[in-house]
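Here are a few notes from a look through this one. Have the viewer open while you read.

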Amino acid sequence: MTFQFDSFASFMVMNGHGPFVWAAYGITFAVLVYLLVSPLLQRRQFLRQQARQQRAANRNV
């Protein structure tokens, strides 16, 4: 098995395509993290809002 790049530096540069490849990986990773974290934050906000409304409803009864 032979590695296509002879050093880590050439692997990072990828014959001039490295910035595009690593930018694509970075953007993909950022979007995946957002898609994982966003529903959790929205759920937490929804539960807080429901608890706040429940407390307000209990005060008015």
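The points below cover some backbone angles and then the aromatic rings.

1. Before anything else: this is a predicted model, so treat the angles and distances below as computed from it.

2. Start with the loop between α1 (8–13) and α2 (18–60), where Met14 sits. Its phi is near 55 degrees, which is a positive value in a residue other than glycine. Met14 is also buried, because its relative accessible area of 15% falls under the 20% cut-off.

3. Asn15 is in the loop between α1 and α2 as well. Asn15 isn't a glycine either, yet has a positive phi of about 55 degrees. Buried or exposed? Asn15 has 70% relative accessibility, so it counts as exposed; the cut-off for that is over 50%.

4. On to the rings. How many aromatic pairs does a search of the whole structure find? The count is six. One of them joins Phe8 and Phe11, with ring centres 6.2 Å apart and planes at 40 degrees, so this pair is tilted. If you want the reasoning, an angle under 30 degrees would count as stacked and one over 60 as edge-to-face, and the rest go down as tilted.

5. As for accessibility, Phe8 comes out at 60% and so counts as exposed, while Phe11 has a relative accessible area of 23% and is partly exposed.

6. Trp22 and Tyr25 make another aromatic pair, also tilted, with 5.6 Å centre to centre and 35 degrees between the planes. This pair is in helix α2, and again the two residues are three apart, about one turn of the helix. Trp22 is partly exposed at a relative accessible area of 32%, whereas Tyr25, at 54% relative accessibility, counts as exposed.

7. Which residues form the one aromatic cluster? Phe3, Phe5, Phe8, Phe11, Trp22 and Tyr25 are its members.

Definitions and conventions:
Residues numbered from 1 in each chain as written. Predicted model: local features only at pLDDT ≥ 70, side-chain atom pairs only at ≥ 80, totals over all residues. Heavy atoms only, no water. Helix = DSSP H or I, 4+ residues; strand = E, 2+ residues; numbered from the N terminus. Buried < 20%, exposed > 50% of the residue type's maximum accessible area, 1.4 Å probe, protein only. Phe/Tyr/Trp six-rings, centres within 6.5 Å; stacked < 30°, edge-to-face > 60°.
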